[in-house]
Amino acid sequence: ERQRQENDALLQSDIQKQITNILSRKDSSTDPARSKSGLPLTPEQVAQEVSQKQSQIRNVSEAEHRRILEAGEQVKQFLRETNREAWIPKLEELLADIGHLRAGPFDLFYGAIYQGILYLDESILNNPTELALTILHELGKLHGQKHPQNLKLEDEYMLWLVLKNLPQQI
């Protein structure tokens with residue numbers, strides 16, 4: 001009987017921990033990253049990933065910075081055409097300083113803002129669409145959007161991109 005009570009207490013404790021984890025995951029009031037899984041990450045997960053990869057993280061090169069700025073121009077055009085001009089100054093601030101941009105081989109995310117630095121997974125540095133989506137996602141975070149809203153913003157960008165590139169019908 002005593003053993004069963006101890007097992008029940010342990011089970012209750014495990015259930016309580018799981019509930020706490022689920023609730024903290026669902027509260028995406030902070031959206032610290034554009035995750036590779038599509039699921040929200042916690043600030044702690046981002047901090048741990050950046051810390052673990054520290055030796056492999058590097059400053060972006062001048063050429064990479066130019067590509068990031070080009071993707072930023074696409075995002076800027078999208079913002080203008082979707083009545084989000086007010087977001088442009090923060091976009092320019094996010095990308096302007098090469099000293100605040102880092103690249104590395106991240107497992108959990110394509111992009112994250114951590115301690116004022118924009119970290120980008122090096123796999124997307126040559127992919128203008130993924131770069132733009134990541135910049136847009138992180139910009140949404142800076143404007144107080146939650147993870148699901150930022151995923152919708154990415155979808156809206158992709159639709160805009162497709163429509164923009166369709167041949168014009170006469």
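**View 1. Lysine 164 lies in helix H6.** This is a predicted model, in which local features need pLDDT of at least 70, side-chain atom pairs count only at pLDDT 80 or more, and totals for chains, interfaces and linings use all residues. Residues are numbered from 1 along each chain as its sequence is written, and side-chain values use heavy atoms, with hydrogens and water left out. Helices (H or I, at least four residues) and strands (E, at least two) are DSSP runs, numbered from the N terminus. Lysine 164 has 30% relative accessibility, so it counts as partly exposed. Buried means under 20% relative accessible area, exposed over 50%, and partly exposed in between (1.4 Å probe, protein chains only). Leaving aside neighbours within four places in sequence, lysine 164 is in contact with Gln74 and Gln77. Contact means heavy atoms within 4.5 Å. The C-alpha atoms of lysine 164 and phenylalanine 78 are separated by 9.9 Å. Along the chain, these two are 86 residues apart.

**View 2. The largest nonpolar core has 28 residues.** Such a core is a set of buried Ala, Val, Leu, Ile, Met, Phe, Trp, Tyr and Cys residues joined through side-chain atoms within 4.5 Å. Ile68, Val75, Leu79 and Tyr157 have the most contacts inside this core. Two or more residues come from each of helix H3 (62–81), helix H4 (88–96), E3, E5, helix H5 (128–142) and helix H6 (147–165). H5 gives the most, with 6 residues. Tyrosine 157, leaving aside its neighbours within four places in sequence, touches Gln74, Val75, Phe78, Ala132, Leu133 and Leu136. A second, separate core has 10 residues, including Ala33, Leu41, Ala112 and Tyr119.

**View 3. Five strands make an open sheet: 5 strands in the order E1-E4-E5-E3-E2, with mixed pairing.** The edge strands, E1 (33–35) and E2 (58–59), each pair on one side only. Two strands pair if DSSP finds at least two bridges between them. Helix H2 (residues 43–52) packs on the sheet and touches E1, strand E4 (109–114) and E5. The direction of H2 makes about 100° with that of E4. Axes are lines fitted to C-alpha atoms, for helices over the stretch in contact, and angles run from 0 to 180 degrees between N-to-C directions.

View 4. Strand E3 (residues 101–104) pairs with strand E5 (residues 117–121) in the parallel sense, over 4 bridges. Leucine 101 stands opposite leucine 118 in E5. E2 and E3 pair in the antiparallel sense over 2 bridges.

**View 5. Phe106, Phe109, Tyr114 and Tyr119 form one aromatic cluster.** The structure holds 6 aromatic pairs. Rings of Phe, Tyr and Trp (its six-membered ring) pair if their centres lie within 6.5 Å; planes under 30 degrees apart count as stacked, over 60 as edge-to-face and the rest as tilted. The rings of phenylalanine 106 and phenylalanine 109 have centres 4.5 Å apart and planes at 25°, so this pair is stacked. Tyrosine 114 and tyrosine 119 form a tilted pair, 6.4 Å centre to centre with 50° between the planes. Tyrosine 114 is partly exposed at 22% relative accessibility, whereas tyrosine 119 is buried at 7%.
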